[in-house]
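Subject: Structure for you to look through

Dear colleague,

I am handing over the structure that we talked about, and below it I have written down what was found in it. Please keep the display open while you read, so that each residue can be looked up along the way.

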Amino acid sequence: MATYVRQPLDDLSKAIIEQLQEDGRRSYAAIGKLVGLSEAAVRQRVQKLEDSGVLQIVAVVDPKQVGFSRQAMIGVRCAGDARELGERLADIPEVKYVVQTAGSFDILAEVVCVDDGELLDVLGGRIRALPGVVATETFVYLKIAKDQYTWAKR
């Protein structure tokens, strides 16, 4: 299995990322003024960051505001290869986040659904039906106290 070593980001790249995390629509010219680079240099750095998978610029939406009233984290215990099961879980459209873990669950999968009925369908009809799923535990989100995307500031 290949091991990937990512070069640490320099201070300029971190500063650009921080600016985009504050406002993803901020112009390259405005960012350049703030970090001391030309617009073209910022554009090139952002493109390199995107191409390398370090940075992804997306619109973050509040699921409830667009008709998805039920979110939950599902802990999955599995038999066999958790990586393979994780790939199958990732293929389910309502599953938005899949992570392999150590501890009492092999995998955590976040789901976003229209309502409790859809959550039941996804959980019972698709997730629990996958080969290798031994048990699940569902943690229904009642209130999200913090949801932030500012990791580059450290």
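Gln71 belongs to strand S1, and helices (H or I, at least four residues) and strands (E, at least two) are here DSSP runs numbered from the N terminus. Leaving aside residues up to four places away in sequence, Gln71 touches Pro63, Glu110, Val111, Val112, Phe139, Val140, Tyr141 and Ile144, a contact being heavy atoms within 4.5 Å.

A word on the origin of these values: the model is predicted, local features need pLDDT of at least 70, side-chain atom pairs count only at pLDDT 80 or more, and totals for chains, interfaces and linings use all residues. Residues are numbered from 1 along each chain as its sequence is written, and side-chain values use heavy atoms, with hydrogens and water left out.

The domain assignment, which is automatic or comes from a database, gives domain 1 (11–52) and domain 2 (63–140), and their C-alpha centres lie 35 Å apart. For a pair of residues, Ala15 and Arg70 are 55 residues apart in sequence and 36 Å apart in space, C-alpha to C-alpha. Ala15 lies in helix H1 (residues 11–22) and is partly exposed, with a relative accessible area of 23%.

Next come helix H2 (residues 28–35) and helix H3 (residues 39–51), whose axes come within 8 Å and cross at roughly 100°; the axes are lines fitted to C-alpha atoms over the stretch in contact, and angles run from 0 to 180 degrees between N-to-C directions. This makes H2 roughly perpendicular to H3, a term kept for angles of 65 to 115 degrees. Where they meet, Tyr28, Ala29, Ile31, Gly32 and Val35 of H2 are in contact with Glu39, Val42, Arg43 and Val46 of H3.

In helix H4 (82–90), the buried residues are Ala82, Leu85, Gly86 and Leu89. They cover an arc of only 105° around the axis, which puts them on the same side of H4, the arc being that of the directions from the helix axis to the C-beta atoms. Their cover includes S1, S2, S3, H5 and S4. At the start of H4, a side-chain oxygen of Asp81 comes to within 2.9 Å of the backbone nitrogen of Arg83.

Helix H5 (residues 116–127) has Glu118, Leu119, Val122, Leu123 and Ile127 as its buried residues. Seen down the axis of H5, these fall within an arc of 130°, so they line one face of the helix, whereas Leu120 and Asp121, on the other side of H5, are exposed. At the start of H5, a side-chain oxygen of Asp115 reaches to within 3.1 Å of the backbone nitrogen of Gly117.

Lastly, Glu94 sits in the loop between H4 and S2 and counts as buried, at 12% relative accessibility. The side chains of Glu94 and Arg126 are joined by a polar contact of 2.8 Å, that is, a pair of N or O atoms within 3.5 Å, of which, within protein, one must be able to donate a hydrogen and the other to accept it, while residues adjacent in sequence count only if both atoms are side-chain atoms.

Methods. Buried means under 20% relative accessible area, exposed over 50%, partly exposed in between (1.4 Å probe, protein chains only). Angles under 35 degrees count as roughly parallel, over 145 as roughly antiparallel, 65 to 115 as roughly perpendicular and the rest as oblique.
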